[in-house]
Amino acid sequence: MRETIKNIIVDEFSKLTVLIENDFVANYKRKVNNFLLSQMDSG
């Protein structure tokens with residue numbers, strides 16, 4: 001049971017990582033155009 005839960009979590013996080021990577025450029029472009037979010041990059 002523990003291994004099944006671990007496999008589900010790994011699988012779901014893998015899918016999430018792929019989605020984040022695929023959407024990164026579009027999300028970053030939106031962030032640059034958002035005056036509130038773009039101010040948070042003072043690093």
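**Exercise 1. Determine the accessible surface of the protein and the share of its residues that is buried.**

Solution. The accessible surface comes to about 4300 Å², of which 62% belongs to carbon and sulfur atoms; such areas come from the Shrake-Rupley method with a 1.4 Å probe, and for residues only the protein chains shown count as cover. The structure is a predicted model, in which local features need pLDDT of at least 70 and side-chain atom pairs count only at pLDDT 80 or more, whereas totals for chains, interfaces and linings use all residues. Residues are numbered from 1 along each chain as its sequence is written, and side-chain values use heavy atoms, with hydrogens and water left out. Next, apply the burial classes: buried means under 20% relative accessible area, exposed over 50%, and partly exposed in between (1.4 Å probe, protein chains only). On this scale, buried residues make up 0% of the 43 residues.

**Exercise 2. Describe the secondary structure and examine the span of helix α1.**

Solution. The protein has 2 helices and 0 strands, where helices (H or I, at least four residues) and strands (E, at least two) are DSSP runs numbered from the N terminus. Helix α1 covers residues 2–33. The expected span is 1.5 Å times one less than the number of residues, so the 32 residues of α1 should span 46 Å, and the end C-alpha atoms, 44 Å apart, agree with this. Helix α1 also has a kink of about 55° centred on Phe24, the bend being the angle between axes fitted to the seven residues ending there and the seven starting there.

**Exercise 3. Identify the salt bridges and explain how their partners are placed in α1.**

Solution. With a salt bridge taken as a side-chain nitrogen of Lys or Arg within 4 Å of a carboxyl oxygen of Asp or Glu, the count comes to 2. Asp11 meets Lys15 at 3.4 Å, N to O, and Glu12 meets Lys15 with the closest N and O atoms 3.7 Å apart, which links Asp11, Glu12 and Lys15 in a network. Asp11 and Lys15 are 4 residues apart in α1, and therefore separated by about one helical turn; Glu12 and Lys15, 3 residues apart, are likewise separated by about one helical turn. An α-helix has 3.6 residues a turn, so residues three or four places apart point the same way. Asp11 is partly exposed at 37%, as are Glu12 at 43% and Lys15 at 44%.
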